[in-house]
Amino acid sequence: MNPELQNLLHRWREDSLTTEEMRALTAALAQPEARGALRRDWFLDAALPQSLAASSVIVRTPQPSFVAQMRAWAASWFTLFAPGEARGEEPSIFALRLWARASFAALAVGLITASWLVWPQREEFAADVDAESEPAFLAQLMIETHLPDAP
């Protein structure tokens, strides 16, 4: 739309047109192109709020990167033994977090210890084998590698 026509229509909406500007607006709207532009402008003005209200707006918030998440996790572990008031949290929440981290560490140590105890231990044989016992040693190694461990 013509900027001069836009200005005249804006001033007409505000009801601040002089008689001379009103004649210029009337003369401009006498042309079919100006009337078509005015109609398109009115339809756009009427349709825009409805379409914005009907559209679903999705707001994407930026997610922290993996490195930033790991840095925050490490920082939370380093500030574990800092006083709760310095971090701005209640003592009960501090105690719960401390308990959760301590129980997780105890569980990890327990699982590692249990797996070490349950893991089958293999017999070790002497590496120094003389010429007389070499066939027996080789037979024992072959049996060990081909047969499963006895319960």
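Author: Arg-11 has a relative accessibility of 25%, so Arg-11 counts as partly exposed (buried is under 20% relative accessible area, exposed over 50%, partly exposed in between, with a 1.4 Å probe and protein chains only). The model is predicted, so local features need pLDDT of at least 70 and side-chain atom pairs count only at pLDDT 80 or more, while totals for chains, interfaces and linings use all residues. Residues are numbered from 1 along each chain as its sequence is written, and side-chain values use heavy atoms, leaving out hydrogens and water.

Arg-11 forms a salt bridge with Glu-21, with the closest N and O atoms 2.4 Å apart (a salt bridge is a side-chain nitrogen of Lys or Arg within 4 Å of a carboxyl oxygen of Asp or Glu). This pair links distant parts of the chain, 10 residues apart: Arg-11 lies in helix α1 and Glu-21 in helix α2 (helices are DSSP runs of H or I with at least four residues, numbered from the N terminus).

Helix α1 covers residues 3–13 and helix α2 residues 19–29; they pack at about 125°, with their axes 10 Å apart (axes are lines fitted to C-alpha atoms over the stretch in contact, and angles run from 0 to 180 degrees between N-to-C directions). The two helices, α1 and α2, are therefore oblique to each other (under 35 degrees is roughly parallel, over 145 roughly antiparallel, 65 to 115 roughly perpendicular, and the rest oblique). Among the residues making the contact are Leu-8 and Trp-12 of α1 and Met-22 and Leu-25 of α2 (contact means heavy atoms within 4.5 Å).
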